[in-house]
Amino acid sequence: MSQLKELLVDQLQDLLHAETQLTQALPKMAEAAHHPELKKAFEKHLVQTEGHIERLRQVFEIVGEQAKPKPCKAMQGLVEEGQETIEEGTEKEPLAADLALIAAAQRVEHYEISAYGTARGLARQLGLPDGALLLSRTLGEEESADFLLTAISDPLIQQLTLNDLGANVNLESVDGEHDQKRVSAKPKKTARKTETSRV
Ligand SMILES: [Fe+2]
């Protein structure tokens, strides 16, 4: 086997293990998520991830090698961190817990984006356009998942800022130095009652 092909097989084995671990982690992330859009995003990505595993098997076939996973220590660490985030989230406000989940999930996405980009480049170089196309499709879905998480987090960050501001305002307003308009700032419609009541 050429060194280049060996390198690609190594990347594919790492990815196969990484994706398989994710199929176990994502349902827990979905269960822990409070915001319905975030829950939906994790559930959607679980379905996509199952497709990613199927595509990886197809790429192994194209390469002419057995679809064998190789322990991906990086993903093991990321999944462990995700588990910690879920546990710590039970002590947090829903907004903060969701944002921490998004932070953990985006680390996973970026890891995968980097790995699929490398694997696709190797497949192209090896003259395997069908393999490169399959890897490209998955890469696109990982990027979309990352964009979606950013889109979900933006209003949550705004809301959390408003909540923090509300908390500060209440304390500071005792000495009357504070801008009252900020106190009455209305949260966005997506906010839950428990959060809005603190503003
Ligand atoms: Fe994936």
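Pro71 has 12 C-beta neighbours inside 10 Å and therefore counts as exposed (a residue is buried with 20 or more other C-beta atoms within 10 Å of its own, exposed with 12 or fewer, and partly exposed in between, C-beta atoms being placed from the backbone). The residue lies in the loop between α2 (36-63) and α3 (73-89). Its C-alpha atom is separated by 7.7 Å from that of Ala18, although Pro71 and Ala18 are 53 residues apart along the chain. The model is a predicted one, in which local features need pLDDT of at least 70 and side-chain atom pairs count only at pLDDT 80 or more, while totals for chains, interfaces and linings use all residues. Residues are numbered from 1 along each chain as its sequence is written.

The protein chain contains 7 helices and 0 strands, where helices (H or I, at least four residues) and strands (E, at least two) are DSSP runs numbered from the N terminus. The order of elements from the N terminus is α-α-α-α-α-α-α. Of the 199 residues of the protein chain, 36% count as buried. Among contacts between residues at least 6 apart in sequence, 74% join residues at least 24 apart; two residues are in contact if their C-beta atoms, placed from the backbone, lie within 7 Å.

Two helices were compared with their expected span, which is 1.5 Å times one less than the number of residues. For α2, the 28 residues should span 40 Å, and the end C-alpha atoms are 40 Å apart, which agrees. For α4 (residues 94-125), the 32 residues should span 46 Å, and the end C-alpha atoms are 46 Å apart, again in agreement.

Two packed helices are described by the angle between their axes and the distance between the axes. Axes are lines fitted to C-alpha atoms, for helices over the stretch in contact, and angles run from 0 to 180 degrees between N-to-C directions. Angles under 35 degrees count as roughly parallel, over 145 as roughly antiparallel, 65 to 115 as roughly perpendicular and the rest as oblique. The axes of α1 (residues 3-32) and α2 come within 9 Å and cross at roughly 155°. Helices α1 and α2 are therefore roughly antiparallel to each other. The contact of α1 with α2 has 17 nonpolar, 5 polar and 5 charged residues, with Ala, Val, Leu, Ile, Met, Phe, Trp, Tyr, Cys and Pro taken as nonpolar, Asp, Glu, Lys and Arg as charged, and the others, Gly among them, as polar. The crossing of α1 past α2 is left-handed, a term used if the near helix is turned anticlockwise from the far one by less than a right angle, and right-handed if clockwise.

Helix α1 also packs against α4, at an angle of about 155° and with the axes 10 Å apart. This makes α1 roughly antiparallel to α4. The crossing of α1 past α4 is left-handed. Residues of α1 in this contact include Leu4, Leu7, Leu8 and Leu12, and those of α4 include Leu101, Ala105, Val108 and Ala115. By class, the contact of α1 with α4 divides into 16 nonpolar, 3 polar and 2 charged residues.

For α3 and α4, the axes come within 9 Å and cross at roughly 175°. Helix α3 is thus roughly antiparallel to α4. Among the residues that meet are Ala74, Met75 and Leu78 in α3 and Ala97, Ala100 and Leu101 in α4. The contact of α3 with α4 has 9 nonpolar, 3 polar and 3 charged residues.

The buried residues of α2 are Leu38, Ala41, Phe42, His45, Thr49, His52, Arg55, Leu56 and Val59. Leu38 counts as buried because 23 C-beta neighbours lie inside 10 Å. Leaving aside neighbours within four places in sequence, Leu38 is in contact with Ala33, Asp98, Leu101, Ile102 and Ile152. Leu38 and Ile152 are 114 residues apart in sequence and 6.8 Å apart in space, C-alpha to C-alpha.

Pro94 is 61 residues from Ala33 in sequence and 8.2 Å from Ala33 in space, C-alpha to C-alpha. His110, found in helix α4, is partly exposed with 14 other C-beta atoms within 10 Å. The C-alpha atoms of His110 and Glu143, 33 residues apart along the chain, are separated by 8.1 Å.
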